[in-house]
Amino acid sequence: LLVFVGPSLSLLPPSLLSAPSSLNLCDGCKASQRSCSIQRVPQLYQDWRSTPGAGVPAWTRPDLVIGFNSRCWDLGSGDMPAPDTWGAALDFVLAEEIPLVLTGASPDDTQYDA
């Protein structure tokens, strides 16, 4: 199960949000009768945990949280400050001791996030 979480999901075109809720798998996975489904949660992570929105699946403890191109270091700084959508989510993930991976768009972003 892959769950994509974040308020920016609500900015995506409806056609993308209504894309198939399962992935095409390789022949080996199909032969093993494996499956992978996709869920989308257009809320802040910590809000989803405490108050899931209408039509949103209930929160369950994940095996891993991945923040793609998170730019955590850039929150509230620079010429165009980004809203802090990560602070409380990171606090929650770390307090729950959930394994966390953050990626960056560039080596510099990755270094700053460290």
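A search of the whole structure, which is a predicted model, finds zero disulfides.

Me: What makes Cys-36 buried?

Reply: Its relative accessible area is 18%. The term buried applies under 20%, and Cys-36 therefore qualifies.

Me: How many aromatic pairs are there?

Reply: The count comes to three aromatic pairs.

Me: Why is the pair of Tyr-45 and Trp-48 called edge-to-face?

Reply: A pair of aromatic rings is described by the distance of the centres and the angle of the planes. For Tyr-45 and Trp-48 the centres are 5.8 Å apart and the planes stand at 80°. Pairing requires centres within 6.5 Å, and planes over 60 degrees apart count as edge-to-face; the pair is therefore edge-to-face.

Me: How do you know that Tyr-45 and Trp-48 are separated by about one helical turn?

Reply: Both belong to helix α3 (residues 45-50) and are three residues apart, which means a separation of about one helical turn.

Me: What makes Tyr-45 and Trp-48 buried?

Reply: Tyr-45 has a relative accessibility of 12% and Trp-48 a relative accessible area of 4%. The limit for buried is under 20%, so Tyr-45 is buried, and so is Trp-48.

Me: Why is the pair of Tyr-45 and Phe-92 called tilted?

Reply: The ring centres of Tyr-45 and Phe-92 are 5.9 Å apart, with planes at 50°. Stacked needs under 30 degrees and edge-to-face over 60, so a pair at 50° is tilted. This pair links distant parts of the chain, with Tyr-45 in helix α3 and Phe-92 in helix α4 (residues 87-95), 47 residues apart. Both residues are buried. Tyr-45, Trp-48, Trp-59 and Phe-92 form one aromatic cluster.

Me: Why is Ile-66 called partly exposed?

Reply: Ile-66, in strand β3 (residues 65-67), has 39% relative accessibility. Buried is under 20% and exposed over 50%, so Ile-66 counts as partly exposed.

Me: Which residues form the nonpolar patch on the surface?

Reply: Ile-66 belongs to this patch together with Leu-2, Phe-4, Leu-23, Leu-64, Phe-68 and Val-101. Together they have about 600 Å² of accessible area.

Conventions
Residues are numbered from 1 along each chain as its sequence is written. This is a predicted model: local features need pLDDT of at least 70, side-chain atom pairs count only at pLDDT 80 or more; totals for chains, interfaces and linings use all residues. Side-chain values use heavy atoms; hydrogens and water are left out. Patches are made of residues with over 30% relative accessible area and no salt bridge: like charges are joined within 9 Å, nonpolar side chains (Val, Leu, Ile, Met, Phe, Trp, Tyr) within 5 Å. Accessible areas come from the Shrake-Rupley method with a 1.4 Å probe; for residues, only the protein chains shown count as cover. A salt bridge is a side-chain nitrogen of Lys or Arg within 4 Å of a carboxyl oxygen of Asp or Glu. Helices (H or I, at least four residues) and strands (E, at least two) are DSSP runs, numbered from the N terminus. Buried means under 20% relative accessible area, exposed over 50%, partly exposed in between (1.4 Å probe, protein chains only). Rings of Phe, Tyr and Trp (its six-membered ring) pair if their centres lie within 6.5 Å; planes under 30 degrees apart count as stacked, over 60 as edge-to-face and the rest as tilted. A disulfide is a pair of cysteine sulfur atoms within 2.5 Å.
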